[in-house]
Amino acid sequence: MSEAILSLRNINKSFGAVHVLRGVDLDIYPGQVTALVGDNGAGKSTLIKCIAGIYTPESGEYHFEGKPVSVNGPRDATALGIEVVYQDLALCDNLDIVHNMFLGREKKKGVTLDESNMELLARQTLDGLSVRTVKSIRQTVSSLSGGQRQTVAIARAVLWNNKVVILDEPTAALGVSQTEQVLHLVRRLADAGIAVVLISHNLTDVFEVADNVAALYLGTMAAQVKLSEVSTNQVIELITTGKSAGVTKTEANK
Amino acid sequence: MSIDTPTPTLKTAMGDYWSRVKSGDIGSLPAVLGLVVLCGVFTAMSSSFLTPGNFANLLTQAAGVIVVAMGLIFVLLLGDIDLSAGYSAGVSGAVLVILVSNHHWNWIPALALSILAGMVMGSFIGWLVSYLGVPSFVVTLAMFLAFQGILLLLAGEGGTIPINDKTVVAIENSNMTPILSWTFFFGAGALYILSGLRKMALRRKAGLKTELAQLWALKTAGLLIICAGAVYALNLERSNNVQLVSLKGIPDVVPLILAILVVGTFFLSRTSFGRHLYAVGGNAEAARRSGIDVKRVRLMAFVICSTLAAVAGLIFVSRANSVSPSTGGNATLLYAVGAAVIGGTSLFGGKGKMRDAILGGLVVAVIDNGMGLLGYSAGIKYIVTGLVLLISAGVDALSRKGGGN
């Protein structure tokens, strides 16, 4: 296994009296899909918000490309090359696909926006991901289907040559064929050398596309293991009870 | 280039437009239709509606409200509101008049200071809304009362301070000469055509799909013909007594409004600040996660709104030749909100253009002016304008539903 691009060690985060993350470790590898699983309230969302700089953990170490870094806001995470595609998509319905893909990082020519350049780059990215389902790159996001929106959100993450792309339940609201499309896209991201984190409740999706799985249980990391070494039942046990015969917590740090 | 569909024709372009309208993206269509219908009705009912004199009068009547509405659009784009914009205009106008009339300042520094006053008021409101997190409705409702109080103190209770400065008074009361009017029309028209051609050429050079040339030509020609007609009408003699005074040409306030339109449209559609305004209005959380400084964007929107209100203050003062405790008061703010919404700006944020203020402002002014000519009282006029605003807001809400939001 290659070196982890992003490593978290002993991360703790509380909201008032509620201790949400208790000493969580996580390793994310380039070119691999790491599935992050866990029941509702296990701390998956809090963990990725800590990675993305939206929350700052009370304690713990954050290593990126082998070096300790401090991430105190979304901009810090973005600067490192970490992009989160949120469950609620974080797209602006009233803007078109190009605008959304460049939101907050518009290309400029002097003081004015360089629309031509942005449109070309956006189109190249979508073509590169073999996205052929959108009619016009200048249509507003409000006119897109759920799968298309997810595609735009993922394409935005790719556009910026990100090293780590975190997908928060990308298939939660999608139909069968759209789910399949998005999972293919996820696989293509990893094959392009990006470290992908896939948060999902759907173990079928996880087993179809992921290389390794990290299971959270009540704010602790139950285990992080290669997917080829575990069965679906073992993963379910990890999610529901936090332990499983034959899977030890130390494997996470292998 | 796998994504885009083949080159459109005039027919498919019309089809696309119609399907956008059906899906709720109606833009300024209701305002344009409303304007045509209202003008038709008033022309049929009153012989003095469609006269050069009344046309010029309509433009100067609408000017102040249009400029307040232009400022409001920046705030409405965020889904916020500024109820105090009318009295911001009043206070700024009072600052101008007091400096010029009571302290004998030159109009330029006085105007600069009155606009600065607008910026300060906007900064205060914007700071309260974005950094303290008080809802804009509450903040600006409080400021509506407070600014009214300031205006009352400045103008003196029941008092009216006149202003005689030639330049200030000229804005609402003077016209360009007919030759200058035509020069202005051809100059502005040429710039408009050139910028349109340049945009298409640049996109073609970059290998991107351009707007259909025929459609662009049709739209541009239509707009320019309407404007040429307006210039022609404004260049007709509209004085009742030609020996005493000759009245013709474009009112001076028109180029002022067009300048604000151009600058504002440039900011909204060509700069990242404008893009961020739309983004925050469309989905503030998405904007924040994209690294946009949402608080700063919101602060700036309120500053711009009050600054344009200060410009409107200049127009109100010029029109009345004075400032009084009711300058920018009465129905000014509600007319301005109405103008923006009737023009096609959404009260829910994320949708609107500068030109909405002009189209909507003209609709409001036509109702006010036309019903006045027909002899209806202010009461009836308010009721009708209120109903038109209600219909516009209803259309806005329904089109959101239709848009699948």
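What average pLDDT does chain B reach, and what percentage of its residues score at least 70? Chain B averages a pLDDT of 89, and 97% of the residues score at least 70; pLDDT is the predictor's confidence in each residue, on a scale from 0 to 100. The complex is a predicted model, in which local features need pLDDT of at least 70 and side-chain atom pairs count only at pLDDT 80 or more, whereas totals for chains, interfaces and linings use all residues. Residues are numbered from 1 along each chain as its sequence is written, and chains are lettered from A and ligands numbered from 1 in the order in which they are written. For the complex, the predictor gives an ipTM of 0.83 and a pTM of 0.87.

Chain B contains 16 helices and two strands; helices (H or I, at least four residues) and strands (E, at least two) are DSSP runs, numbered from the N terminus. The C-alpha trace of chain B spans about 70 × 55 × 40 Å along its principal axes. A compact globule of 405 residues would have a radius of gyration near 22 Å, and the 22 Å of chain B agrees with this. The radius is taken over C-alpha atoms, and the globule rule is 2.2 Å times the number of residues to the power 0.38.

Within chain B, helix α7 (residues 166–173) and helix α13 (residues 294–320) pack at an angle of about 90 degrees, with their axes 7 Å apart. Axes are lines fitted to C-alpha atoms, for helices over the stretch in contact, and angles run from 0 to 180 degrees between N-to-C directions. α7(B) and α13(B) are therefore roughly perpendicular to each other, a class that covers 65 to 115 degrees, while angles under 35 degrees count as roughly parallel, over 145 as roughly antiparallel and the rest as oblique. The contact involves V168(B), V169(B), I171(B), E172(B) and N173(B) of α7(B), together with L314(B), I315(B), V317(B), S318(B) and R319(B) of α13(B); two residues are in contact if their C-beta atoms, placed from the backbone, lie within 7 Å. These residues divide into six nonpolar, two polar and two charged. Ala, Val, Leu, Ile, Met, Phe, Trp, Tyr, Cys and Pro count as nonpolar, Asp, Glu, Lys and Arg as charged, and the others, Gly among them, as polar.

In chain A, six strands form an open sheet of mixed pairing in the order β6-β9-β10-β3-β11-β12, two strands being paired if DSSP finds at least two bridges between them. β6 (82–85) and β12 (220–226) of chain A stand at the edges with a single partner strand each, so one side of each is left without a neighbour in the sheet. Neighbouring strands of this sheet are turned by 15 degrees against each other on average, direction ignored. Strand β11 (residues 212–217) of chain A pairs with β12(A) in the antiparallel sense over six bridges, and N212(A) has K226(A) as its bridge partner in β12(A). Helix α6 (residues 176–191) of chain A packs on the sheet and touches β3 (33–38), β9 (164–168) and β10 (195–199) of chain A. The direction of α6(A) makes about 150 degrees with that of β10(A).

Elsewhere in chain A, strand β1 (residues 6–15) runs antiparallel to strand β2 (residues 18–28), to which seven bridges join β1(A). β1(A) and β2(A) form a hairpin with two residues between them, and G16(A) in the turn has a positive phi of about 60 degrees.

The contact between the chains takes 30 residues from chain A and 28 residues from chain B.
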